[in-house]
Amino acid sequence: MTAGLLMFLVVTGAAGAILLAAIAATTPELRRKRMMRTLAVFTGRLDAEPGRARAGATGSRLERAADRIGALLTPPGDRERLNRMLDSAGNPPGWPMTRILRVRPAAMVVVSLLLAATGHALRGSPGTIAGAVAGLGLGAFLPLLLVWNASIKRQEAIQRSLPDVMDVMVIGVEAGLGLDSAMDQVARNTRGPMADELHRVLQEMRLGVSRSEALRALARRTTVRDLKRLVTALVQAGDLGVSVAPLLREHAREQRVRRRQRAEEVAQKVPVKMLFPILFCMFPVIFVVIIGPAVIQLLKTFEG
């Protein structure tokens with residue numbers, strides 16, 4: 001038992017050290033380092049800080065090795081799916097694709113060591129092997145699961161905020177603003193994923209992309225069906241030259257109805273979700289309180 005506990009502590013300590021090394025390897029560069037490297041490109045003094053360059057050589061080698069392993073673990077098809085998930089998640093600035101690919105090998109090692117230590121403490125050598133194998137698979141998919149979870153939450157936030165955004169756009173268009181100006185007002189005066197998406201659409205239009213292409217790109221980045229239908233209607237209205245004010249008003253009314261229907265659906269699911277907690281948590285306590293005194297009295301009667 002003591003040997004097993006000692007092995008568990010040793011493996012856990014090694015896993016913690018590897019985790020710290022992985023965090024150090026994946027930490028973004030300091031602002032001063034980025035500025036000095038940019039200045040070195042223009043001045044030609046690539047060896048302006050040789051000491052710092054030597055200090056970061058080990059980290060650079062670890063990063064390159066992690067990049068190669070991550071590239072081997074992620075084929076082109078998985079990269080495309082990961083890119084779509086990142087678009088749905090809003091492309092978090094702290095988690096670009098390169099960092100996710102770099103984190104996957106470190107996550108595999110850390111999770112494998114932790115599960116191997118846990119399996120060794122529970123079942124010995126068979127548990128160690130099973131925990132290590134399971135940790136490799138779980139560590140490989142853990143960063144992808146985190147990105148997928150972030151994308152799901154962001155799409156749910158877009159769906160919740162879409163009726164309010166539609167109301168604001170209807171007010172702007174009916175007040176005399178154009179569609180682009182109404183989207184700009186929403187992007188400036190509101191906060192949330194929907195405002196960020198409209199801001200990105202406007203930025204793409206300022207860079208020379210047509211409105212229809214920017215809106216189609218928005219539809220490809222989202223999984224919300226209501227937003228996809230709205231984008232399709234706006235693109236068709238722009239191609240046919242139809243006024244967008246009645247279109248936006250109708251979609252806003254429909255979005256309010258759908259939001260009420262979703263709220264009613266969630267409310268109807270509450271009794272079903274509460275059934276099992278009531279059966280396994282509340283009913284036993286109620287039975288003990290109600291039947292317990294009678295059972296005690298019967299036991300005393302039979303003993304007498």
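Asp 184 is buried, with a relative accessible area of 15%, where buried stands for under 20% relative accessible area, exposed for over 50% and partly exposed for values in between (1.4 Å probe, protein chains only). This residue of the predicted model belongs to helix α8, helices being DSSP runs of H or I with at least four residues and strands runs of E with at least two, numbered from the N terminus. When residues up to four places away in sequence are not counted, Asp 184 touches Leu 202 and Arg 206, a contact being defined by heavy atoms within 4.5 Å. The model is a predicted one, for which local features need pLDDT of at least 70 and side-chain atom pairs count only at pLDDT 80 or more, while totals for chains, interfaces and linings use all residues. Residues are numbered from 1 along each chain as its sequence is written, and side-chain values use heavy atoms, with hydrogens and water left out.

His 199, found in helix α9, is partly exposed, its relative accessible area being 39%. Although Asn 91 is not a glycine, it has a positive phi of about 50 degrees.

The protein chain as a whole has twelve helices and zero strands. Buried residues make up 30% of its 304 residues, and the chain exposes about 19,900 Å², of which carbon and sulfur atoms supply 66%, as computed by the Shrake-Rupley method with a 1.4 Å probe, with only the protein chains shown counting as cover for residues. Of the contacts in the chain with a separation of 6 or more, 61% are accounted for by residues 24 or more positions apart.

The largest nonpolar core holds 32 residues, among which Leu 227 and Leu 248 touch the most other members; such a core is a set of buried Ala, Val, Leu, Ile, Met, Phe, Trp, Tyr and Cys residues joined through side-chain atoms within 4.5 Å. Two or more residues of this core come from each of α7, α8 (179–189), α9, α10, α11 and α12 (244–303), and the largest share, seven residues, is that of α7. Leu 248 touches Met 166, Met 169, Val 170, Val 173, Leu 179, Leu 230 and Leu 234, residues up to four places away in sequence not being counted.

One cavity of 30 Å³ or more is counted, a cavity being a set of points, on a 1 Å grid over the protein atoms alone, where a 1.4 Å probe fits but cannot get out, with lining residues having an atom within 4 Å of a point. About 70 Å³ of space lies in the largest cavity, the volume being the space filled by probe spheres set on the points, which are joined across faces, edges and corners. Its lining consists of 13 residues, of which Met 194, Leu 198, Leu 227, Leu 230 and Leu 234 lie nearest the centre. Elements giving two or more residues to this lining are α7 (125–174), α9 (193–206), α10 (211–221) and α11 (225–240). The lining divides into 13 nonpolar, no polar and no charged residues, with Ala, Val, Leu, Ile, Met, Phe, Trp, Tyr, Cys and Pro counted as nonpolar, Asp, Glu, Lys and Arg as charged, and the others, Gly among them, as polar.

Conventions
1 Å grid on protein atoms, 1.4 Å probe; cavity = no way out; pocket = protein on both sides within 12 Å on 5 of 7 lines; lining within 4 Å.
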